Amino acid sequence: MARKVFISVLGTGFYGKCIYKRDEFESDNTRFIQCATLQMLTNNDSWTSDDRGYILLTQKAETDNWIVKDDERENFISKKIEEYIGLEKTISGMNLPFAVDGVSIPVGNDEDEIWQIFDIVFEKLQDGDELYFDITHGFRYLPMLVLVLGNYAKFLKNIKVKSITYGNFESRNTKVTPNVAPIIDITSFSALQDWTFSGASFVEQGHVRNFTESISLSLGNSSLISKRLIEYVRKLNKDLNTFEEQIATCRGNELFSGNNVCEAKELIGKVMGQSHIPGPLLKILDVINDAIIPFGKDTIDNLRSSLIWCKRYKLIQQGYTLCQESIITYVCMQLSDLNPYKEEKGGDRRYRDYWSAILGMSVGDAKNESSWKGDIAKNRNLSRSLLGMEWVREARKGYERIKQKRNQLNHAGFTGNVSSHDIIKSFDKSIDWCVGFFDEALTAPVVDSSTLHKLFINLSNHPSSQWKEEQLCAAREYGDIMDMPFPQVNPDATAEDVNSIANALVDKIKVLGDDNDVVVHVMGEMGLTYKLVRKLGFLGIRCVCSTSYRVVKDEEDGKRVVEFHFERFRDYE
């Protein structure tokens, strides 16, 4: 559990008694603001023996107000000797559960002594402490010293500044006896520093976590803030942090939906509409609101805005990744009617993979149809039409530049020789090109509807001339039948031998596939069959096997006759 630490400076003045008041709290009638503040703090929260109090004392303050000789002192105004119990004895009479110690400090007459005070206080702090400052007494530099020390300790010792207060004895109400003076809370000044530093982190790096957390902590400590406002701030904290995480981890679908960022915009409006919000905080919220205004609900423009965000905050890896994937998303949305897989389960994902292959093709592969593989080959007419379009050719150039940089980032520079300077130098141009691509009107191609000659290649040891009529009819549904003998495979053949045989057959079939819509019936030695089906499938050439029922008949002469009745052709998948 964090240690609570109270720190105050004791002055040298002859202090008059009064009651100190804040909100509903009223202290005992006391000379010392330190006693009133400790009474208030221990009333509001539980302090334990692990907690500490430190009273900073110059040599004169120690003799005038800490330990007062004979418990009496001359009043500066009346020049009379009056009873005057020192602060040490007064605090001792409070029976606090923790120790409050006097700490000697120099007067602070020059810069060197001020730094000595800084070091003395800092050394009293432990990691994770919660600090409660009273700055009523001391020199004029003290408030600045406290603010600077607080932020320094936040950074180095992970402390939290829970309270900064002072007793305004001069504005006491003298019409009542005893007089009543206010305790002023200026903790929000420390919070403002947190907001400013965190706001700067947002403006420079796009990080919102520290900012929203500092708002939550500071507003949560204020008695003027409503529970509704605190709830708004907590939700805002969650939504902005989630949005930042979505950018950091490239969650395209979540960014596209815009749910969290849109809710954050609404919450910022609600927070800014509440009372008792510090003016400086409103200005920082304005900056954040301006940054997320371009985001909307369920719109492709969110991807554009995410890319601009990455450019603004130099999120290099996220930017390149979102560039490449956003291009594919935009194309798939604009040309969704061309999706040949729209009726299939997982068809949208397959269509993305298809466009990824189209955009990622090299110039040579695009021109050499015999090199086409997979879905590019299976959708030959569509692929040919797309690759012939001017905007697709230009898109492929930009896509290739982005893909190269993204690959260099994802492989951590262990492949290729692109320098970090080149990756960063190209980043803004890549983002600008991608953002501009969203303004392109992507025209759909006129797909050549002419069908290729359909050819059914019977690659087996059973010539089609020996097939029964039902199998022939089923084969003709795929196209004209062409027999190609399945080669004999020596049982002693190595895997390399089988691979060579497979490659020779695939080369023959690939030539036929350039001018024909080919389906291959593959039935034969299992090792070679496996190789053929894999290689042909990779080229986008459909492969099928024949299925049949095995019928066994016992003849009168005791012979057993086995017949196979063809049922249908089934795809290898």
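Tyr152, Phe155 and Leu156 together make a nonpolar surface patch of about 360 Å² in this predicted model. Leu156 belongs to helix α5, which spans residues 142–157. With a relative accessible area of 44%, Leu156 is partly exposed.

The interior comes next. In soluble globular proteins, nonpolar side chains tend to be buried together. Here the largest nonpolar core has 69 residues, and those with the most contacts inside it are Ile292, Trp309, Tyr354, Trp355 and Trp391. Helix α13, residues 316–334, supplies the largest share of this core, nine residues. A second, separate core has 28 residues, among them Leu10, Ala36, Trp47 and Ile91. As for Tyr354, its contacts beyond four places in sequence include Tyr341, Asp375, Leu382 and Leu386.

Charged side chains pair up as well, and the count of salt bridges comes to 20. In one of them, Asp71 pairs with Lys89, and the closest N and O atoms are 2.8 Å apart. Asp71 lies in the loop between α2 and β5, while Lys89 is in helix α3, 18 residues apart. Asp71 is partly exposed at 24% relative accessible area, and Lys89 is partly exposed at 47%.

Arg406 and Glu325 form another salt bridge, again with closest N and O atoms 2.8 Å apart. This pair links helix α18 to helix α13 across 81 residues. Arg406 counts as buried because its relative accessibility is 16%, under the 20% limit, whereas Glu325, at 29%, counts as partly exposed.

The salt bridge between Arg304 and Asp301 has its closest N and O atoms 3.4 Å apart. These two residues are separated by about one helical turn because they are three residues apart in helix α12.

Notes: Residues are numbered from 1 along each chain as its sequence is written. This is a predicted model: local features need pLDDT of at least 70, side-chain atom pairs count only at pLDDT 80 or more; totals for chains, interfaces and linings use all residues. Side-chain values use heavy atoms; hydrogens and water are left out. A nonpolar core is a set of buried Ala, Val, Leu, Ile, Met, Phe, Trp, Tyr and Cys residues joined through side-chain atoms within 4.5 Å. Buried means under 20% relative accessible area, exposed over 50%, partly exposed in between (1.4 Å probe, protein chains only). Helices (H or I, at least four residues) and strands (E, at least two) are DSSP runs, numbered from the N terminus. Contact means heavy atoms within 4.5 Å. Patches are made of residues with over 30% relative accessible area and no salt bridge: like charges are joined within 9 Å, nonpolar side chains (Val, Leu, Ile, Met, Phe, Trp, Tyr) within 5 Å. Accessible areas come from the Shrake-Rupley method with a 1.4 Å probe; for residues, only the protein chains shown count as cover. A salt bridge is a side-chain nitrogen of Lys or Arg within 4 Å of a carboxyl oxygen of Asp or Glu.
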